[in-house]
Amino acid sequence: MNEIREVIERKAALLETGDAEAVLSHYADTFVDYNLAPPLRQPGDARDPAAFKAWIATFREPPRREVTQLEITVDGEVAFATSIDCLSATPRGSEEGFRLWFRVTLGLRRVGGRWLVVHEHESVPFEMDGSLRAAVTLRP
């Protein structure tokens, strides 16, 4: 489990460097990716960092990601992990930054002796009052 924890925490720490290839090195060559941005399912090709680089470029500096409440379950060569993460960044053209807490579920598989992400799902809850607004003010 320590190996998996290190992969998840290293992936988050690398985000702050803005090195898309280094972050994507923790993913299988193809993976399922349901992240916060549209469309409903992202193309999951770790060999092509273009979309990741374009996303990072929307911020003044690369975002910071904090992984909290990490829980890992392992069974042989497969694992899943859940966490509550916080993304902090300042968009280009904005004077103020933001902090967004969201839910993460990762599926990992041991490939060639390394634990790699094969499935990533991120979500933000939404208000159930009929407004369907994202509940971006929630804190753990």
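**Entry 1: a salt bridge from end to end**

I began with Glu 3, which forms a salt bridge with Arg 110, the closest N and O atoms being 3.6 Å apart. Glu 3 sits in helix H1 (residues 2-15) and Arg 110 in strand S4 (residues 98-111), so this pair ties together parts that are 107 residues apart in sequence. By salt bridge I mean a side-chain nitrogen of Lys or Arg within 4 Å of a carboxyl oxygen of Asp or Glu. Helices (H or I, at least four residues) and strands (E, at least two) are DSSP runs, numbered from the N terminus.

A note on the source: this is a predicted model, where local features need pLDDT of at least 70 and side-chain atom pairs count only at pLDDT 80 or more, while totals for chains, interfaces and linings use all residues. Residues are numbered from 1 along each chain as its sequence is written, and side-chain values use heavy atoms, with hydrogens and water left out.

My cut-offs: buried is under 20% relative accessible area, exposed is over 50%, and partly exposed is in between (1.4 Å probe, protein chains only).

Together with Glu 77, they are linked in a network of salt bridges.

How many salt bridges does the whole structure hold? My search found seven. Side chains of opposite charge can pair when their charged atoms come close.

I turned next to Arg 65. Its side chain meets that of Asp 85 in a salt bridge (2.9 Å, N to O). Asp 85 lies in strand S3 (residues 78-89) and Arg 65 in strand S2 (residues 64-75), so the pair ties together parts that are 20 residues apart in sequence. Both Asp 85 and Arg 65 are buried.

Arg 65 also forms a salt bridge with Glu 122, and here the closest N and O atoms are 3.1 Å apart. This pair links distant parts of the chain, with Arg 65 in strand S2 and Glu 122 in strand S5, 57 residues apart. Glu 122 is buried, as is Arg 65.

**Entry 2: the whole chain**

I stepped back to the overall layout. I counted three helices and five strands in the chain. Along the sequence they follow the pattern α-α-β-α-β-β-β-β.

Next came the dimensions. The C-alpha atoms fill a box of roughly 45 × 30 × 25 Å, taken along the principal axes. With 140 residues, a compact globule would have a radius of gyration near 14 Å, and the chain's 15 Å agrees. That radius is taken over C-alpha atoms, and the globule rule is 2.2 Å times the number of residues to the power 0.38.

I also checked the burial total. Buried residues make up 36% of the 140 residues. For contacts (heavy atoms within 4.5 Å), I took those between residues at least 6 apart in sequence; 50% of them join residues at least 24 apart.

**Entry 3: aromatic rings**

How many aromatic pairs does the structure hold? I found four. One of them is Tyr 27 with Phe 31: the ring centres are 4.6 Å apart and the planes are at 40°, so the pair is tilted. Rings of Phe, Tyr and Trp (its six-membered ring) pair if their centres lie within 6.5 Å; planes under 30 degrees apart count as stacked, over 60 as edge-to-face and the rest as tilted.

Tyr 27 is buried at 8% relative accessibility. Phe 31 is buried too, at 9%.

Elsewhere, ring pairs link Phe 52, Trp 55, Phe 59 and Phe 98 into a cluster.

The chain exposes about 8,400 Å², and carbon and sulfur atoms supply 53% of it. Accessible areas come from the Shrake-Rupley method with a 1.4 Å probe; for residues, only the protein chains shown count as cover.

Which residues make a nonpolar surface patch of about 380 Å²? They are Phe 126, Met 128 and Leu 132. Patches are made of residues with over 30% relative accessible area and no salt bridge: like charges are joined within 9 Å, nonpolar side chains (Val, Leu, Ile, Met, Phe, Trp, Tyr) within 5 Å.

Phe 126 is found in the segment after strand S5 (114-123). Phe 126 is partly exposed, with a relative accessible area of 42%. Leu 132 lies in the segment after S5 and is exposed, at 60%.

Last, I looked at backbone angles. Most residues other than glycine have a negative phi. Leu 132 has a positive phi, near 60°. Gln 69, in strand S2, also has a positive phi, near 50°.
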